[in-house]
Amino acid sequence: MDFEKIEQSLYKIIDQKPVLHSGIELILSELTNFELEKDELKRIIAGSFSEFQSFLSSIFKKDPLPSTIIALNLGIFESNEGTRYYISGSSEWNKEGSDWACNNDYFPEQRYIDLLIHNKMDELSEENYDAYIFLALSIAALYLIEFFKNNKDQFINFYRPKLFIATGFDDGDIYNIGKVASEGVIAT
């Protein structure tokens with residue numbers, strides 16, 4: 001996989017906005033050239049979504065999203081502890097740029113998310129960095145899509161009729177996943 005291939009594969013998920021289980025199948029189908037225990041990976045990805053959902057729900061309960069926040073970013077970075085995700089929000093959004101993702105207008109104290117799948121990603125990063133990058137981005141996109149499909153009514157109302165969602169590595173590009181609206185998660 002090269003960077004162009006990683007993006008093509010990632011955009012399949014972003015464009016299709018699949019439900020969790022078909023999204024997992026789509027992710028695994030893109031990892032055809034790599035030696036991975038796919039049944040184990042499928043189980044870990046599905047199980048980690050439950051962790052992700054519980055964690056985000058807890059964050060938004062402890063630190064509610066202000067109505068002025070119109071965009072959320074699930075940031076990804078590599079630390080000494082391994083791969084980590086975090087949530088942040090902005091009162092601005094621009095489809096053509098990524099500066100909005102650095103605003104941190106919403107930056108909850110408990111924003112860092114550690115998931116079981118991160119251990120598998122870290123193992124993969126040592127074996128095949130391209131597959132690791134694809135997995136980190138595609139799982140972040142899939143989890144955001146699934147979470148907001150299931151919880152859109154908590155975030156969409158008269159004061160905030162839409163909420164843009166994105167993901168990306170801190171030192172890389174931002175990928176706009178979609179817009180959460182009353183219809184669900186749709187294209188931007």
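Which residues lie nearest the centre of the largest pocket? They are Tyr11, Lys95, Ile174, Tyr175 and Asn176, part of a lining of 16 residues. This is a predicted model.

The pocket has a volume of about 260 Å³. Helix α1 and strand β5 each supply at least two residues of its lining.

**The sheet**

Strand β5 also belongs to an open sheet. Six strands build this sheet, in the order β3-β2-β1-β4-β5-β6. The pairing is mixed. At the edges stand β3 and β6, each of which pairs on one side only. Strand β3 runs antiparallel to β2, and two bridges join them. Within β3, Ile113 stands opposite Tyr85. Helix α4 lies across both β2 and β3. The helix runs at about 125° to β2.

Some of the elements named here, with their residue ranges:

| Element | Residues |
|---|---|
| Helix α1 | 3-16 |
| Strand β2 | 82-90 |
| Strand β3 | 112-113 |
| Helix α4 | 116-127 |
| Helix α5 | 129-151 |
| Strand β5 | 175-181 |
| Strand β6 | 184-186 |

**The cores**

The largest nonpolar core holds 56 residues. Phe52, Phe60, Leu72 and Phe148 touch the most other members. Helix α5 gives this core its largest share, 16 residues. Apart from this core lies another, of six residues, including Ala71, Trp100, Ala101 and Phe164.

What does Leu72 contact, leaving aside its neighbours within four places in sequence? Among its partners are Phe60 and Phe148. Others include Leu65, Ile87, Tyr106, Leu163 and Ile165.

Conventions. Residues numbered from 1 in each chain as written. Predicted model: local features only at pLDDT ≥ 70, side-chain atom pairs only at ≥ 80, totals over all residues. Heavy atoms only, no water. Core = buried A, V, L, I, M, F, W, Y, C linked by side-chain atoms within 4.5 Å. Buried < 20%, exposed > 50% of the residue type's maximum accessible area, 1.4 Å probe, protein only. Helix = DSSP H or I, 4+ residues; strand = E, 2+ residues; numbered from the N terminus. Contact = heavy atoms within 4.5 Å. Pairing = 2+ DSSP bridges. Axes fitted to C-alpha atoms, helices over the stretch in contact; angles between N-to-C directions. 1 Å grid on protein atoms, 1.4 Å probe; cavity = no way out; pocket = protein on both sides within 12 Å on 5 of 7 lines; lining within 4 Å. Points joined across faces, edges and corners; volume = space filled by probe spheres on them.
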